[in-house]
Amino acid sequence: KESINPTVVKPMDDTFQSHKFEYVRTSTANYSSARELMFQFNGNATDQLDLANTTFTVELQILKKDGTPYGEEIKTALNNNAYLRENIFHNLWSDVEIYINNQMIKIPMHDYARTTYMWKCMTSEKADLDYESHSVDFRLMNVDLDPTHLPPTTEAGIENEEEKPYTEAYQKYVAGSPLFQLTGCIEHPFLRQKTMLPPGIPFTVRMIRNDSSLLFQTAAVGNAPVILIKDAYFRLKRLRLTPQAQEEQNRAVVESRIMRFPLKVLQMVKLNMQAQNTVFHFHQALTGEVPQRGILGFVRDEASERGNVTKHPFYFEDVGIKEMRLIYDNKTYPSPQGYKFVEGSKTLLSKEMYRQVMSVFHEKIARAGLSYEKWLKRMFFLTFDFTAQCDAKNIEGYTQPSSVGDIRFEIELSKPLENTMMALFLGERDCTLNIAIPTLMIDVQD
């Protein structure tokens, strides 16, 4: 395979005299089927790293369980037939970890695939046709692919008119087992923050793969396809400091002895809701720093099990809520009455409710990527805005307790649950990554 040479561009401004792009490939041996991939980013004394513009590319091939290629007509595969679930770029990974000086940055990114899916569903705009990422690029060799995002089957083997465009587009990844590339941004806070990493700080990215069963719907349990990774690399932008800028930065680092990086952190909380119950109280459901915003969705508990190929892990159901509220610091969210559905949410999911939900993440609802129809059918989320509470805590002289505490969930349904469900709450909060100089000891502070 041809090596990719860094591209050098010059000059830029008074701070940077040039920049270049380089490619960091995985250092993992036999990475095609390895459980995890490691990437080593080297630091030097003269370059800053522009992490916010770092992209990740993975080249894949999908094979039958026995390792043989699929035929050109996927339906002839019978029990080996497989529907590729959406969110493949992020769904490949169960966790992403960052290490500096062999110390892991303790920012939780467990259930990475569902965390990114929920976040992209709520924050993407209409211009982003896919919820994969705001910048995922699909490249399927010798195939003209239009990856229209429509829902796949929620039960294996079921097709209808609405799903045909989705199936036809995404099955091109499976039929004939072609090589294809996905390029986008890994949504770890460290790799998305806008403060550039100063010279001389190396770091390592560890990406843990998901079980392949979570990427496919299949007609039979145990027949999940095999995914081979043919290549994987980050595209990194390095900026060469001018001598004057380098001297000023070295002086600032020596004086402060610590570098601080503000990060936006996404944290997932999972709450079990047993079948046949109608009332659920979760005390201390979320402890610690209060999030600025939150997303709540409901999926079947069995959809999260390892080896699941028949229940869709991204099918967020309307569970028939009658009333629900989140309580923090003696305040009820999203309003003093919480969410109220007099006869159960299935009869009162109005467009006004949709606008209320989306307004937490979009100033102009018309630009929201998640449509009212999709929200109603299979992406039913509720949202909560704690911004006023967070801002109040930061006012000088504010006498209330610190913004560390507990959030309580209270949910009442209009009728007993038919299936055991999992309530997923995704909270967004601010934190700061501190890197001590010259020891490179790290600390994450809320």
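How many disulfides does a search of the whole structure find? The search returns zero disulfides, a disulfide being a pair of cysteine sulfur atoms within 2.5 Å. The model is predicted, and local features need pLDDT of at least 70, side-chain atom pairs count only at pLDDT 80 or more, and totals for chains, interfaces and linings use all residues. Residues are numbered from 1 along each chain as its sequence is written, and side-chain values use heavy atoms, with hydrogens and water left out.

Cys 121 has a relative accessible area of 0% and is buried, where buried denotes under 20% relative accessible area (1.4 Å probe, protein chains only). Cys 185 is likewise buried, at 5%.

Among the buried residues of α2 are Trp 119, Lys 120 and Cys 121.

The largest pocket holds about 470 Å³ of space. On a 1 Å grid over the protein atoms alone, a pocket is an open set of points where a 1.4 Å probe fits, with protein on both sides within 12 Å along at least five of seven lines, and lining residues have an atom within 4 Å of a point; the volume is the space filled by probe spheres set on the points, which are joined across faces, edges and corners. Of its 20 lining residues, Trp 119, Glu 187, Arg 192, Lys 264 and Glu 428 are the closest to the centre of the largest pocket. Two or more lining residues come from each of α2 (112–123), α4 (189–192) and β14 (258–273).

Note on methods:
Helices (H or I, at least four residues) and strands (E, at least two) are DSSP runs, numbered from the N terminus. Buried means under 20% relative accessible area, exposed over 50%, partly exposed in between (1.4 Å probe, protein chains only).
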